[in-house]
Amino acid sequence: MIELQKHGRKDYQPTLTDAPLDVMTLLSMPDHLRKTAMTLCRMGRATADEISEQTKRARAVESAYLNQLVIMGHLKKERNGRKAYFFIDKETKG
Amino acid sequence: MGRIVAVHSYKGGTGKTLLSINLAAALAEHGKKVCLFDLDFRAPSLATLLNVDHSECWLNDYLNGTCEIDKALLDLSERVHNGGKLFVGLANPATEAIRDMSSKDRKWEMRALGRLLALRTSLLNDKGFDYILMDTSPGLQYSSINAIVSADLVLVATTFDRSDVDGTRRMLRELYDLFEKKTEVVLNKVLDASSKAGKEEITSKVNEVYQVPLLGIVPCFCDILKARGGTIFANEKPDHPFTRILEEMATKIDKMA
């Protein structure tokens, strides 16, 4: 998101906070996002590359979907060196 | 590696629990290490049907994050004859617990899904279970959909009741398909399944209506009604026709691996 701001993107959207990724939310998602979200649910924490190995879709595609899920508030993103890890925040009290 | 099987239905009273218990027992009688879970938190019934009156921990506690899964498992392997293992995880039947489980929020349900998904590692990988069978609530309940999402195979118990057929068909397209789940139908309480021609007609009808494979046809047995849930046929009546049907289903499930 910071990157989007830096590049002055007009489609920048603020990140929604704490939108639980429960099964009803998964059901209401478009198919392409559900596949990515379900894969991350199973893996717990993963990079776009690791997700793409499971879904057999391109890494760049998964990266876009994962970032979209972060903006929607369903996932969290964390950088470790050059790698970006995505995960579901289960700790926040809700 | 072992597999997770969820037993679900659109309507109540289709025979999910009877099927779950007996299928778990049949798989254990095949020498498998099986764990049966009662995920019907709205109307827990396995504790009564299996004559278990207490548990150190319930599945409610595991999903609440207040106990580990080992503490919620009861070993009923002494009821199995062929060296197989049968464990159960029970839903707390106390009214207070049912009320508590009905008032959980989305965040809790999300964590519960995480805990169910974690069973793949803790029970299938680490403890060497061959199967986890999950008996669920009917319809679109959180606990049921969590079980479906966690499962490798969904068995849908259905009858020829018209509202059940319509609802099941919708669920197949709008629930199991969306989660890309392998699904098989078990047709229960069938009246005319004695002849080969009758079975073939039912099989083609099911294929046409649901367009998913038919795992088995269970005729309406008066003996099951007479037993009033007090008999696990797969353990106690090995020669009963119901047990033989379950054994066939268990063999088919085993071959899918």
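How many residues does the contact take from chain A and from chain B? The contact takes 11 residues from chain A and 15 residues from chain B. This is a predicted model, in which local features need pLDDT of at least 70, side-chain atom pairs count only at pLDDT 80 or more, and totals for chains, interfaces and linings use all residues. Residues are numbered from 1 along each chain as its sequence is written, while chains are lettered from A and ligands numbered from 1 in the order in which they are written.

**View 1. The side of chain A that touches chain B.** Residues are in contact if their C-beta atoms, placed from the backbone, lie within 7 Å. Two or more residues each come from α2 (23-28) and α3 (31-43) of chain A; helices (H or I, at least four residues) and strands (E, at least two) are DSSP runs, numbered from the N terminus. The largest share, four residues, is given by α3(A).

**View 2. The open sheet of chain B.** Its eight strands follow the order β3-β4-β2-β5-β1-β6-β7-β8, with mixed pairing; two strands pair if DSSP finds at least two bridges between them. At the edges, β3 (73-75) and β8 (214-219) of chain B each pair on one side only.

**View 3. Strands β7 and β8 of chain B.** Strand β7 (residues 182-190) of chain B pairs with β8(B) in the parallel sense, over four bridges. Opposite Leu187(B) stands Ile217(B), in β8(B).

**View 4. A helix on the sheet.** Helix α6 (residues 142-150) of chain B packs on the sheet and touches β1 (3-8), β2 (33-39), β5 (131-136) and β6 (153-158) of chain B.

How values were computed
Two residues are in contact if their C-beta atoms, placed from the backbone, lie within 7 Å. Axes are lines fitted to C-alpha atoms, for helices over the stretch in contact, and angles run from 0 to 180 degrees between N-to-C directions.
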